[in-house]
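Before reading on, please take a moment to look over the sequence and the model. The paragraphs that follow begin with the whole molecule and then turn to single elements and residues.

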Amino acid sequence: MPQIDIQQVDITRLDVDAIVNAANSSLADGAGVCGAIHRAAGPGLLAECRTLGGCETGEAKMTAGYELPARHVIHAVGPVWQGGTANEAELLASCYRNSILLAEQHGLESIAFPAISCGIYGYPIAQAAVIAIESTLQTLHQCESVELVIFACFSEEIEAELIHVASHHAL
């Protein structure tokens, strides 16, 4: 079974096969994690993103990592929280699922996630943590190459919530 690691760390500093960018649908550089990843990767990342034609909410696309320690960036577009009535849970689960399956498709062994949609998109952290852990565990059962998933938390609150949820899943 692949290893899942939860830590408060700067995702742009992780030396993994892929980090996941909590992207916007245009794949442009933005605020929060997205902006930090684009700044750390350098201008090549935005240039490649412009060739991809955007990305739908719940979907994922991959680029090179450029100046990041990570060799690839998987751009996943999470849902904006609208009160839970706009299919947000399925769209968020789809971000984790599609990112892991894209890593698997390319034979990658390690992937790091931020807390998708928990920043400016306003997803409630407790609900997002359950979706992140459960969708990741379900998807990893379909994988052979992915051996390590890191949840790179930008706050103690998110780290604590993910650890709490993971403890109920015998991780």
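This is a predicted model: local features need pLDDT of at least 70, side-chain atom pairs count only at pLDDT 80 or more; totals for chains, interfaces and linings use all residues.

The side chains of N24 and S26 are joined by a polar contact of 2.9 Å. N24 lies in the loop between β2 (18-23) and α1 (32-41). Is N24 buried or exposed? Its relative accessible area is 17%, and the limit for a buried residue is under 20%, so N24 counts as buried. Apart from its neighbours within four places in sequence, N24 is in contact with D29, G30, C34, V77 and Y121.

The loop between β2 and α1 also holds L27. This residue is buried, with a relative accessible area of 1%. The backbone of L27 deserves attention as well, for its phi is near 60°, a positive value in a residue other than glycine. In general, most residues other than glycine have a negative phi. A second case is N87, which is not a glycine either and has a positive phi of about 65°. N87 is placed in the loop between β4 (72-77) and α3. With a relative accessibility of 47%, N87 counts as partly exposed, whereas L27 is buried.

How many helices and strands does the protein have? There are five helices and six strands. Read from the N terminus, the elements follow the order β-β-α-α-β-β-α-β-α-β-α. The radius of gyration is 14 Å, close to the 16 Å that the globule rule gives for 171 residues, so the protein is as compact as a globular protein of that length. Along the principal axes, the C-alpha atoms fill a box of roughly 40 × 35 × 30 Å.

Of the 171 residues in the protein, 51% are buried. Among the contacts with a separation of 6 or more, 69% are between residues 24 or more positions apart. The protein exposes about 7700 Å², and carbon and sulfur atoms supply 49% of that area.

At 0% relative accessibility, A112 is counted as buried. Between A112 and A18 there are 94 positions in sequence, yet their C-alpha atoms are 6.4 Å apart. Leaving aside the neighbours within four places in sequence, A112 is in contact with I11, L14, V16, A18, I19, V20 and I150.

Next comes helix α4, which covers residues 125-140 and has 16 residues. From its first C-alpha to its last it reaches 22 Å, close to the 22 Å expected at 1.5 Å a residue. Which residues of α4 are buried? They are I125, A128, A129, I131, A132, I133, S135, T136, L137, T139 and L140. The elements that cover these buried residues include β1 (3-8), α3 (88-105), β6 (148-153) and α5 (156-167).

The loop between α3 and β5 contains H106. At 43% relative accessibility, H106 counts as partly exposed. A polar atom of the side chain of H106 lies 3.0 Å from the backbone oxygen of L102. H106 can also be compared with E161: the two are 55 residues apart in sequence, and their C-alpha atoms are 30 Å apart in space.

How many disulfides does a search of the whole structure find? The search finds zero. C118 is in no disulfide, and the nearest cysteine sulfur, that of C153, is 9.6 Å away. For a disulfide, the two sulfur atoms must be within 2.5 Å. The sulfur of C143 has its closest cysteine sulfur in C95, at 16 Å, which is too far for a bond. Are these two cysteines, C118 and C143, buried or exposed? C118 counts as buried because its relative accessibility is 11%, and C143 counts as buried at 13%.

Terms used
Residues are numbered from 1 along each chain as its sequence is written. Side-chain values use heavy atoms; hydrogens and water are left out. Helices (H or I, at least four residues) and strands (E, at least two) are DSSP runs, numbered from the N terminus. The expected span of a helix is 1.5 Å times one less than its number of residues. Buried means under 20% relative accessible area, exposed over 50%, partly exposed in between (1.4 Å probe, protein chains only). Contact means heavy atoms within 4.5 Å. A polar contact is a pair of N or O atoms within 3.5 Å; within protein, one must be able to donate a hydrogen and the other to accept it, and residues adjacent in sequence count only if both atoms are side-chain atoms. The radius of gyration is taken over C-alpha atoms; the globule rule is 2.2 Å times the number of residues to the power 0.38. Accessible areas come from the Shrake-Rupley method with a 1.4 Å probe; for residues, only the protein chains shown count as cover.
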